[in-house]
Protein chains: 2
Amino acid sequence: MQPPFLLFLGDAPDSSWAKTASGLAQWRAKDCYGQYRLPNCGADLNLPDLNFEEARAKGIKTMVIGIANDGGFIAPNWIEHIISALKAGLNIAAGLHERLEDNAQIAAVAKETGGVLYDLRRPNMKFNSGNGIKRSGKRLLTVGTDCAVGKKYTALSIEKEMLERGLNATFCPTGQTGIMITGRGIAIDSVVADFIAGAAEWLSPEADENHWHIIEGQGALLHPAYAGVTLGLVHGSQPDAIIVCHEAGRKELVGYEGYYNCPSLTDALAIHVNAARLTNPNSKGIGVSLNTSSLNDAQAKDALKRAEDETGLPACDPLRWGVGAIIDKLVVEF
Amino acid sequence: MQPPFLLFLGDAPDSSWAKTASGLAQWRAKDCYGQYRLPNCGADLNLPDLNFEEARAKGIKTMVIGIANDGGFIAPNWIEHIISALKAGLNIAAGLHERLEDNAQIAAVAKETGGVLYDLRRPNMKFNSGNGIKRSGKRLLTVGTDCAVGKKYTALSIEKEMLERGLNATFCPTGQTGIMITGRGIAIDSVVADFIAGAAEWLSPEADENHWHIIEGQGALLHPAYAGVTLGLVHGSQPDAIIVCHEAGRKELVGYEGYYNCPSLTDALAIHVNAARLTNPNSKGIGVSLNTSSLNDAQAKDALKRAEDETGLPACDPLRWGVGAIIDKLVVEF
């Protein structure tokens with residue numbers, strides 16, 4: 001998708017609903033020139049608020065739908081804005097389940113204006129069933145207590161730190177934001193269910209014994225909606241090392257409040273490691289990643305200390321103090 | 001799909017590859033008039049072998065692709081036979097991942113002959129994400145040590161026995177064969193991965209407190225390719241009662257020999273019940289279903305006895321001696 005970008009935040013109640021936009025703003029900052037918000041939007045990425053004409057004047061080429069809703073559909077109240085953006089001469093990119101191309105109104109206007117519609121989530125590829133045969137090379141998978149707890153950021157931070165240390169590592173995106181950041185990968189939650197593990201096997205193919213595939217996790221095994229995706233990804237990834245991710249202070253699954261609690265770090269780690277051992281008997285936990293953005297420094301240090309005491313593994317906040325301690329352990333253990 | 005049927009067994013090495021055909025022959029026997037086999041076919045459903053002209057002469061309307069391969073695709077060597085069947089005036093039904101409609105050759109000939117192509121696996125429906133909220137009514141799910149261990153037959157047998165006893169029960173098919181037998185249901189392995197649990201929730205909606213949804217299981221949680229489908233189905237089904245299914249004597253996962261063993265009944269039951277408790281904390285094992293077709297009567301009785309001793313639950317072979325003992329327990333426990 002053609003940069004630079006205007007990030008559409010729509011009516012996201014807060015920044016947690018604008019994961020795709022935040023991910024781009026964080027990891028492709030130089031391509032993100034502005035944000036576009038509806039009046040009741042509660043999210044803010046600290047980018048200039050631009051209308052479509054201002055965006056064009058600044059050289060922006062593509063508006064990215066940077067907000068996700070539960071079904072991954074194009075919300076009816078977004079459509080007029082998408083159409084206005086097209087009419088102002090922008091391309092549109094989205095990583096929703098529902099394709100821009102499949103919306104007759106949007107498709108018609110795009111045809112008229114010549115704007116390109118980038119649908120990044122729906123894979124065009126055909127996958128095989130998983131074969132479960134161990135592949136060469138090493139693999140790290142991020143897993144979580146819930147959705148939206150930092151699995152992607154952690155994987156990106158791990159890759160960054162490993163590359164900086166001269167290690168051989170490749171980030172493998174499994175969701176729309178990772179694909180938008182890197183230009184490759186598969187949206188594993190959009191694969192036909194029978195082929196989840198097969199797609200995950202394809203994502204991290206055989207590699208040199210010293211190469212690490214750093215695989216972005218999805219969902220959570222103790223999540224009532226998305227655990228199937230997670231389990232196929234865990235089995236197909238054959239992870240040697242697992243990092244469990246959590247947002248400090250979160251007690252309940254987002255969107256399932258009143259029904260489902262977040263598991264403890266220990267329980268979340270155990271269920272993912274046990275599942276991984278089906279296809280890689282040597283799989284083990286290697287660290288904890290905590291999103292401590294809601295805490296001050298002292299509180300954050302305390303939260304990391306408690307996570308280390310609970311799990312016996314190094315705990316890091318990737319965006320606050322880096323993932324050095326986890327990499328230190330990784331290079332010793334493997 | 002229009003009966004009566006000719007069952008296409010293709011080049012199935014043995015009857016385990018012809019699950020769809022065997023299912024129809026077993027549960028819609030009166031509509032199955034004949035079978036069509038290629039020279040190297042090792043499967044036999046004890047139906048008359050008919051060529052397409054003989055089939056038409058007997059009044060057969062539809063040839064059903066009754067064989068499955070791992071990827072769910074139309075094997076190249078089937079195509080000429082499918083085309084000949086169309087040219088003889090038959091309709092074609094299949095439940096493969098690859099649609100008959102999407103095969104240009106087959107679609108062109110069907111257009112020419114007016115033959116109907118029934119693609120039963122690919123759901124046209126859109127589903128929501130699972131909400132994890134407990135629904136009214138009772139649910140029974142069959143699970144397994146592997147694929148093709150009798151999960152569908154067990155569920156059908158349970159429904160039959162319950163209806164005969166005047167209980168309120170509905171079989172919920174989750175695969176192509178069940179859909180062909182009953183004309184409803186969803187092929188849960190063909191749903192977009194994000195919506196497995198949501199589709200399973202849709203499949204057994206709220207119902208009277210005394211109604212039982214009898215849900216056909218798919219795959220297995222300890223299977224390297226299909227466990228994701230299974231987990232979403234387990235979570236979305238919210239089963240009160242679980243029956244674990246196994247083929248007596250099977251030691252390794254079919255198609256994964258040399259790599260993956262079948263788990264014990266105890267292990268298979270435990271992992272499925274534990275998973276089910278995420279969305280239904282009262283879920284429990286209620287019985288064992290053993291396919292003992294490879295054993296003589298004495299051996300079969302012995303195998304069932306050993307299964308009962310191992311699990312502490314009633315064990316039945318549904319097709320040999322019925323599922324009475326499991327229903328006896330069900331009516332006492334719920």
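The following legends describe close-up views of a predicted two-chain model.

**View 1. Relation between chain A and chain B.**

**View 2. The side of chain B that touches chain A.** The contact brings 33 residues of chain B together with 34 residues of chain A. Helix H7 (196–203) and helix H8 (227–237) of chain B each contribute at least two residues to the side of chain B that touches chain A. The largest share of that side, six residues, is supplied by H8(B). By class, the side of chain B that touches chain A consists of 18 nonpolar, twelve polar and three charged residues.

**View 3. The largest nonpolar core and A:Ile196.** The largest nonpolar core contains 220 residues. A:Leu7, A:Ile196, B:Leu7 and B:Ile196 are the residues with the most contacts inside this core. When neighbours within four places in sequence are left aside, the contacts of A:Ile196 in chain A are A:Ile188, A:Val191, A:Val229, A:Gly232, A:Leu233 and A:Gly236. A:Ile196 is also in contact with B:Ala193 and B:Gly228 of chain B.

**View 4. A:Glu201 in helix H7 of chain A.** A:Glu201 belongs to helix H7 (residues 196–203) of chain A. A:Glu201 has 27 C-beta neighbours inside 10 Å and therefore counts as buried, the threshold being 20 or more. Not counting residues up to four places away in sequence, A:Glu201 touches A:Gly130, A:Asn131 and A:Gly236. A separation of 40 Å lies between the C-alpha atoms of A:Glu201 and A:Asn296, which are 95 residues apart along the chain.

**View 5. The two domains of chain A.** Chain A is divided into domain 1 (5–119) and domain 2 (138–333). The C-alpha centres of domain 1 of chain A and domain 2 of chain A are 28 Å apart. Twelve residues from domain 1 of chain A and twelve residues from domain 2 of chain A take part in the contact. On the side of domain 1 of chain A that touches domain 2 of chain A, helix H1 (residues 19–27) of chain A gives the most, with five residues. That side of domain 1 of chain A has four nonpolar, five polar and three charged residues.

**View 6. Strands E9 and E10 of chain A.** Strand E9 (residues 241–247) of chain A runs parallel to E10(A), and seven bridges join the two. Strand E10 (residues 284–291) of chain A is mostly covered, with seven of its eight residues buried. A:Glu247 stands opposite A:Asn291 in E10(A).

**View 7. B:Val109 in helix H4 of chain B.** Helix H4 (residues 104–113) of chain B includes B:Val109. With 20 other C-beta atoms within 10 Å, B:Val109 is buried, and this count may be set against the cut-off of 20 or more. Apart from neighbours within four places in sequence, B:Val109 is in contact with B:Ile83, B:Leu86 and B:Lys87. The C-alpha atoms of B:Val109 and B:Ile82 are separated by 9.6 Å, although the two residues are 27 residues apart along the chain.

View 8. In chain A, the peptide bond from A:Pro3 to A:Pro4 is cis, with omega near -5°. A:Pro4 is located in the segment before strand E1 (5–10) of chain A. In chain B, the peptide bond from B:Pro3 to B:Pro4 is cis, with omega near -5°. B:Pro4 is located in the segment before strand E1 (5–10) of chain B.

View 9. B:Ala148 is not a glycine, yet has a positive phi of about 55°. The loop between strand E6 (138–144) and helix H5 (151–164) of chain B holds B:Ala148. B:Ala148 counts as partly exposed, with 19 C-beta neighbours inside 10 Å. B:Gln238, likewise not a glycine, has a positive phi of about 50°. B:Gln238 lies in the loop between H8 and strand E9 (241–247) of chain B. B:Gln238 is buried, with 29 other C-beta atoms within 10 Å.

How values were computed. Residues numbered from 1 in each chain as written. Chains lettered and ligands numbered in written order. Predicted model: local features only at pLDDT ≥ 70, side-chain atom pairs only at ≥ 80, totals over all residues. Contact = placed C-beta atoms within 7 Å. Helix = DSSP H or I, 4+ residues; strand = E, 2+ residues; numbered from the N terminus. Nonpolar A, V, L, I, M, F, W, Y, C, P; charged D, E, K, R; others polar. Core = buried A, V, L, I, M, F, W, Y, C linked by C-beta atoms within 7 Å. Buried ≥ 20, exposed ≤ 12 C-beta atoms within 10 Å, placed from the backbone. Domains from an automatic or database assignment. Pairing = 2+ DSSP bridges.
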